[in-house]
Amino acid sequence: MMEHVRQWLSSIVVVSLLLSVVQSLVPKGSLRRVASFLSGLVLLAVLLEPLPKLDLEGLELRGLQEETEKVRRQLEAEQETALKAGIAEQTEAYISDKAAALGLTVQARVETRTGEDGVPLPWSADMEGGYAEELAQWIEAELDIPRERQVWHGREGES
């Protein structure tokens, strides 16, 4: 890589010197202006000569794309985690509110799982405060958490 840069810089110096000699030999007037214009084009061509040979893959663009994709996946995972936590928290509050309306004191912990459509849904509920048949039925009907995924802890027969 450094050898290519060295050759490119050497060609710029050599071409610049040759163009200077040519311009000094051209007589003043319109011919010199044409020679100056053409010299500028030649120098520009020498300056831009390495561009078509640039290895864009070597500029780590592929690495940048991979890093961008990695960050995107990480953000999606964090977003899903936050969404699951929010749904679990709201469902827990919903259960606690319903329990309070029934005259019960129940502390709920809800686990969510991602459904077929990619949306997290309440999956199971772990209740602290004793079993209450009416609340268990409500959880099954309203939240679609069947009895086998409801775990009750506390005093038996509390209602």
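Me: When do two strands pair, and over how many bridges do β1 and β2 pair in this predicted model?
Reply: Two strands pair if DSSP finds at least two bridges between them. In this predicted model, strand β1 covers residues 107–114 and strand β2 covers residues 120–128. Their pairing is antiparallel, and the number of bridges is eight.

Me: Which residue in the turn of the β1 and β2 hairpin has a positive phi?
Reply: Strands β1 and β2 form a hairpin, with five residues between them. In that turn, a positive phi of about 90° belongs to Gly118.

Me: Which residue in β2 does Arg109 stand opposite?
Reply: Strand β1 spans residues 107–114 and pairs with β2 in the antiparallel sense. Across from Arg109, the residue in β2 is Asp126.

Me: Is Ser124 buried or exposed, and what is its relative accessible area?
Reply: Ser124 is found in strand β2. Leaving aside neighbours within four places in sequence, Ser124 is in contact with Arg109, Val110, Glu111, Ile145 and Arg149. Buried means under 20% relative accessible area. Ser124 therefore counts as buried, its relative accessible area being 15%.

Me: What pattern of helices and strands does the protein chain follow along the sequence?
Reply: The secondary structure comes to four helices and three strands. Read along the sequence, their order is α-α-α-β-β-α-β.

Me: What radius of gyration does the protein chain have, against that of a compact globule of 159 residues?
Reply: The C-alpha trace spans about 110 × 30 × 25 Å along its principal axes. For a compact globule of 159 residues, the radius of gyration would be near 15 Å. The protein chain, by contrast, has a radius of gyration of 38 Å.

Me: What share of the residues of the protein chain count as buried?
Reply: The accessible surface comes to about 11600 Å², and 60% of this surface belongs to carbon and sulfur atoms. Of the 159 residues, the share that count as buried is 23%.

Me: How far apart do the centres of the positive and negative side chains lie?
Reply: The protein chain carries 16 positive side chains and 27 negative ones. The centres of these two sets are separated by 18 Å.

Me: Why does Val26 count as buried, and what is its relative accessibility?
Reply: Val26 lies in the loop between α1 (2–25) and α2 (30–48). Not counting residues up to four places away in sequence, Val26 touches Leu31, Arg32 and Ala35. The cut-off for a buried residue is under 20%. Val26 counts as buried because its relative accessibility is 15%.

Me: How far apart in space are Val26 and Lys70, C-alpha to C-alpha?
Reply: In sequence, 44 residues separate Val26 and Lys70. In space, the C-alpha to C-alpha distance between Val26 and Lys70 is 61 Å.

Me: What distance separates the C-alpha atoms of Ala141 and Lys28?
Reply: Ala141 has its place in helix α4, which covers residues 133–143. At 63% relative accessibility, Ala141 counts as exposed. Ala141 and Lys28 are 113 residues apart along the chain, and their C-alpha atoms are separated by 98 Å.

Technical notes
Residues numbered from 1 in each chain as written. Predicted model: local features only at pLDDT ≥ 70, side-chain atom pairs only at ≥ 80, totals over all residues. Heavy atoms only, no water. Rg over C-alpha atoms; globule rule 2.2 N^0.38 Å. Buried < 20%, exposed > 50% of the residue type's maximum accessible area, 1.4 Å probe, protein only. Areas by Shrake-Rupley, 256 points an atom, 1.4 Å probe, with all protein chains shown as cover. Lys, Arg positive; Asp, Glu negative; His and termini not counted. Charge placed at Lys NZ, Arg CZ, Asp CG, Glu CD. Contact = heavy atoms within 4.5 Å.
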